[in-house]
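Here is a friendly briefing to read beside the model.

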2 protein chains.
Amino acid sequence: MPDDRTNKVSCSNYTYELEIPFEIFSGKWVPSIIWNLSKEDKRFGELKKAMPKVTPKVLSQQLRMLERYGIVNRKAYPEVPPVVVYSLTNIGKKAIPLFENMNEWGAEYLEIRETGYHC
Amino acid sequence: MPDDRTNKVSCSNYTYELEIPFEIFSGKWVPSIIWNLSKEDKRFGELKKAMPKVTPKVLSQQLRMLERYGIVNRKAYPEVPPVVVYSLTNIGKKAIPLFENMNEWGAEYLEIRETGYHC
DNA sequence: CGGCATCCGCGATGATACTG
DNA sequence: CAGTATCATCGCGGATGCCG
């Protein structure tokens, strides 16, 4: 987690910069969140609808965490009922290609390991 | 975890193939393991030396898991004292670019977020 | 609608000691 | 050298309920 006051990750606690994305993206629902937001900005309820198996509490938690990390923007409109729109920040958007590559690798992995395997 | 008998991940339990790499690479020390093995094959003790903060138990656990997923090869030579060499499989090697990209993104992230930040 | 407060279980990780 | 055995811990994530 980022520092409480600065919301920044500490500089020197890593052996490789590699550990930073693994720390940031390690939440159970983070990949799905970013995957969804990469297509379009979404309201809390829309995200929730796209991810039926996550509870609101945990979804909210992970969104807040991503916000502190500077990966997502949270924009709240003070209306009744409330409207809250989440979007990816610039650095967040720069992570999208990573996720696309991961997705490709995942497909390749399945292909290699599941060939001839009845599903 | 892979199926007990086939050691294969199930075909249909994923919303996106994206979830597969996140499942496989989610172990706390997995990034370091793969990062190390991407440079050269290594014996258990060499890996342990390169990762001072992991206990042998957990290192062994995560190596076994990666072996079941088909990411690493384990080659044991029946000598005294024993020699065990770990290496990346083909599909494991195909993940190296992903890790390099993650590393780059991590560096970029630090640069953006830590500019002007005293470490 | 978009949360937060509270309680809780469990799996992943860690510490320590021991072994073929 | 390359692990296993045992026990302890700890925090993520889930369930439920309430609120502005």
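Helices (H or I, at least four residues) and strands (E, at least two) are DSSP runs, numbered from the N terminus. With that in hand, chain A has six helices and three strands, and along the sequence their order is α-α-β-α-α-β-β-α-α. This is a predicted model, in which local features need pLDDT of at least 70 and side-chain atom pairs count only at pLDDT 80 or more, while totals for chains, interfaces and linings use all residues. Residues are numbered from 1 along each chain as its sequence is written, chains are lettered from A and ligands numbered from 1 in the order in which they are written, and side-chain values use heavy atoms, with hydrogens and water left out.

**Chain A as a whole**

- Along its principal axes, the C-alpha atoms of chain A fill a box of roughly 55 × 40 × 25 Å.
- Of the 119 residues in chain A, 45% are buried, where buried means under 20% relative accessible area, exposed over 50% and partly exposed in between (1.4 Å probe, protein chains only).
- Taking contacts (heavy atoms within 4.5 Å) in chain A between residues at least 6 apart in sequence, 48% join residues at least 24 apart.

- Helix 2 of chain A (residues 30-39) is largely enclosed by the rest of the structure, because eight of its ten residues are buried.
- Those buried residues are A:Val30, A:Pro31, A:Ser32, A:Ile33, A:Ile34, A:Trp35, A:Asn36 and A:Leu37.
- Helix 2 of chain A packs against helix 4 of chain A (residues 56-68) at about 70°, with the axes 10 Å apart; axes are lines fitted to C-alpha atoms, for helices over the stretch in contact, and angles run from 0 to 180 degrees between N-to-C directions.
- The two helices are therefore roughly perpendicular to each other, on a scale where angles under 35 degrees count as roughly parallel, over 145 as roughly antiparallel, 65 to 115 as roughly perpendicular and the rest as oblique.
- On the helix 2 side of chain A, the contact uses A:Val30, A:Ile33 and A:Ile34, and on the helix 4 side A:Leu59, A:Gln62, A:Leu63, A:Met65 and A:Leu66.
- By class, this contact of helix 2 with helix 4 of chain A has seven nonpolar residues, one polar and no charged; Ala, Val, Leu, Ile, Met, Phe, Trp, Tyr, Cys and Pro count as nonpolar, Asp, Glu, Lys and Arg as charged, and the others, Gly among them, as polar.

**Helix 6 of chain A with helix 6 of chain B**

- A:Leu98, A:Asn101, A:Met102 and A:Trp105 make the contact from helix 6 of chain A, and B:Leu98, B:Asn101, B:Met102 and B:Trp105 from helix 6 of chain B.
- The residues of this contact between the two helices 6 comprise six nonpolar, two polar and no charged.

**Helix 2 and helix 6 of chain B**

- Helix 2 of chain B is mostly covered, with eight of its ten residues buried.
- The axes of helix 2 (residues 30-39) and helix 6 (residues 96-114) of chain B come within 10 Å and cross at roughly 115°.
- These two helices of chain B are therefore roughly perpendicular to each other.
- B:Pro31, B:Ile34, B:Trp35 and B:Ser38 of helix 2 meet B:Ile96, B:Phe99, B:Glu100 and B:Asn103 of helix 6.
- That contact of helix 2 with helix 6 of chain B counts five nonpolar residues, two polar and one charged.
- Also in helix 6 of chain B is B:Ile112, which is partly exposed at a relative accessible area of 46%.

**Loop details**

- B:Thr89 sits in the loop between strand 3 (83-88) and helix 5 (90-93) of chain B, and counts as buried at 12% relative accessibility.
- Beyond its neighbours within four places in sequence, B:Thr89 is in contact with B:Gly70, B:Ile71, B:Val72 and B:Asn73.
- The peptide bond joining A:Val80 and A:Pro81 is cis, with omega about 0°, and A:Pro81 lies in the loop between strand 2 (72-77) and strand 3 (83-88) of chain A.
- In chain B, the peptide bond from B:Val80 to B:Pro81 is cis, with omega near 0°.
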